[in-house]
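Please keep the sequence and the model at hand while reading.

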Amino acid sequence: MRIGSLGYAWPFRLPSPARMPQLEHYGSNEDGLIWGYRFVPGQPAEAFGSEAVDAFLADPQASARGEFLWLHFSLANQASRRFLANRLTLPEAFHDSLGSGVGSTRLELDEGALVAVVHDVLFDSTFDASEVGTTTLSIAPRLVVSARLRPLRSVEQLRTAVRNGQDFRSPVDLLAHLLRDQASVLGDIVRKSTARVDQIEDRLLDNRVATDRKELGALRRSLVRLQRLLAPEPTALFRLLNRPPAWISREDVIDLQQAAEEFSTAVGDSASLVERVKLIQEELAALVNEQSSRTLFILTVVTVLALPVNLIAGLFGMNVGGMPLASSAHGFAVVVTGLVLLTAVLAWLAFGRRAD
């Protein structure tokens with residue numbers, strides 16, 4: 001029993017750190033594991049801890065029943081790298097990819113397992129060009145291992161499907177679902193971006209271009225960067241599907257092919273939107289140039305129209321003898337009338353030809 005600061009007795013004891021439950025949403029356990037799931041064909045997945053991994057992998061009956069694990073690690077926890085290196089037998093390409101930053105997408109076969117490096121926007125991202133993260137996966141017949149530094153949307157969507165009781169028959173089926181989630185996230189980004197581009201285009205038709213150029217530039221840069229990171233993924237998948245490993249079933253190959261096609265369609269929609277934004281930017285630049293030319297023309301015309309007035313005023317302002325109309329009572333009216341008529345003729349010539 002513990003006495004609180006106000007004198008009340010708290011009728012419980014804090015559990016020891018070894019017995020405290022790990023928070024699934026806010027961090028990883030002492031091995032760097034964020035979550036683990038055990039999949040049994042025809043049944044919902046069940047939570048699985050890192051302490052039971054060795055026993056599961058050594059159990060031949062689990063393999064015969066078609067069971068497999070999905071272990072998801074946080075690279076922000078340094079213990080995860082030790083666990084991955086000492087407790088699991090993973091391809092060398094997987095360990096090499098853990099230290100790489102946001103680069104090109106990879107999907108290759110190494111030491112009998114699939115090693116994938118996929119990209120996606122961050123889970124809490126508002127879709128900024130810099131808010132892209134990487135997940136590295138190793139996919140084998142009995143084990144799926146994924147590791148990331150920061151949470152990503154598609155992986156979180158896949159986890160939600162697992163927690164909702166969706167059945168996965170194999171690790172490749174899990175990968176296919178992840179690819180479909182990636183396509184869904186990219187499609188959602190494209191839809192929101194398209195709605196924003198539609199608004200900008202409507203204002204463009206009304207010749208209102210004050211604040212849209214900077215926004216269009218940022219939107220295009222974000223889409224281009226995301227497209228550059230994701231576009232190689234369908235190509236790598238199709239290349240793998242031409243010669244799949246022997247442990248991947250025909251049904252899994254078909255699912256992967258469909259997922260790759262959906263993802264390729266989403267990437268194509270993104271590329272089309274980038275081209276549309278580029279055309280709008282060119283139209284905006286043309287409008288801005290036209291407005292600048294119009295403003296420069298008006299300034300030039302005003303300068304030309306004021307030239308006779310300045311010239312005559314300068315001549316008549318000289319204090320020399322022989323100034324014309326100096327002794328005339330109507331001299332000022334004559335000069336002003338002449339200047340007005342001359343300015344009117346010049347204005348008609350300038351604006352009349354401009355209208356033509």
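This is a predicted model: local features need pLDDT of at least 70, side-chain atom pairs count only at pLDDT 80 or more; totals for chains, interfaces and linings use all residues.

Residues are numbered from 1 along each chain as its sequence is written, and side-chain values use heavy atoms, with hydrogens and water left out.

## The chain as a whole

The protein chain holds 10 helices and nine strands; these are DSSP runs numbered from the N terminus, with helices (H or I) of at least four residues and strands (E) of at least two. Of its 356 residues, 39% are buried. Among the contacts with a separation of 6 or more, 66% come from residues 24 or more positions apart.

## Nonpolar cores

A nonpolar core is a set of buried Ala, Val, Leu, Ile, Met, Phe, Trp, Tyr and Cys residues joined through side-chain atoms within 4.5 Å. The largest one has 34 residues, of which Tyr37, Phe39, Trp70, Val162, Phe168, Leu174 and Leu256 touch the most other members. Elements that give two or more residues to this core include β3 (33-39), β7 (113-121), β8 (132-139) and α5 (153-163), while α6 gives the most, with six residues.

Leaving aside residues up to four places away in sequence, Phe39 touches several residues, among them Ala45, Phe68, Trp70, Val162 and Leu174. Apart from this core lies another, of 24 residues, including Leu186, Leu204, Leu223 and Val267.

## Salt bridges

The structure holds 13 salt bridges, each a side-chain nitrogen of Lys or Arg within 4 Å of a carboxyl oxygen of Asp or Glu. In one of them, the side chains of Arg38 and Glu67 meet at 2.6 Å, N to O. Arg38 lies in strand β3 and Glu67 in the loop between α2 (60-64) and β5, so the pair ties together parts that are 29 residues apart in sequence. Arg38 is partly exposed at 21% relative accessible area, whereas Glu67 is buried at 4%.

Asp255 and Arg169 form a salt bridge at 2.2 Å, N to O, and this pair links distant parts of the chain, with Asp255 in helix α9 and Arg169 in the loop between α5 and α6, 86 residues apart. Asp255 counts as buried at 15% relative accessibility, and Arg169 is partly exposed at 30%. A further salt bridge joins Lys192 and Asp188 at 3.4 Å, N to O; being four residues apart in helix α6, Lys192 and Asp188 are separated by about one helical turn. Salt bridges that share partners also join Arg38, Glu46, Asp59, Arg65 and Glu67 into one network.

Key:
Buried means under 20% relative accessible area, exposed over 50%, partly exposed in between (1.4 Å probe, protein chains only). Contact means heavy atoms within 4.5 Å.
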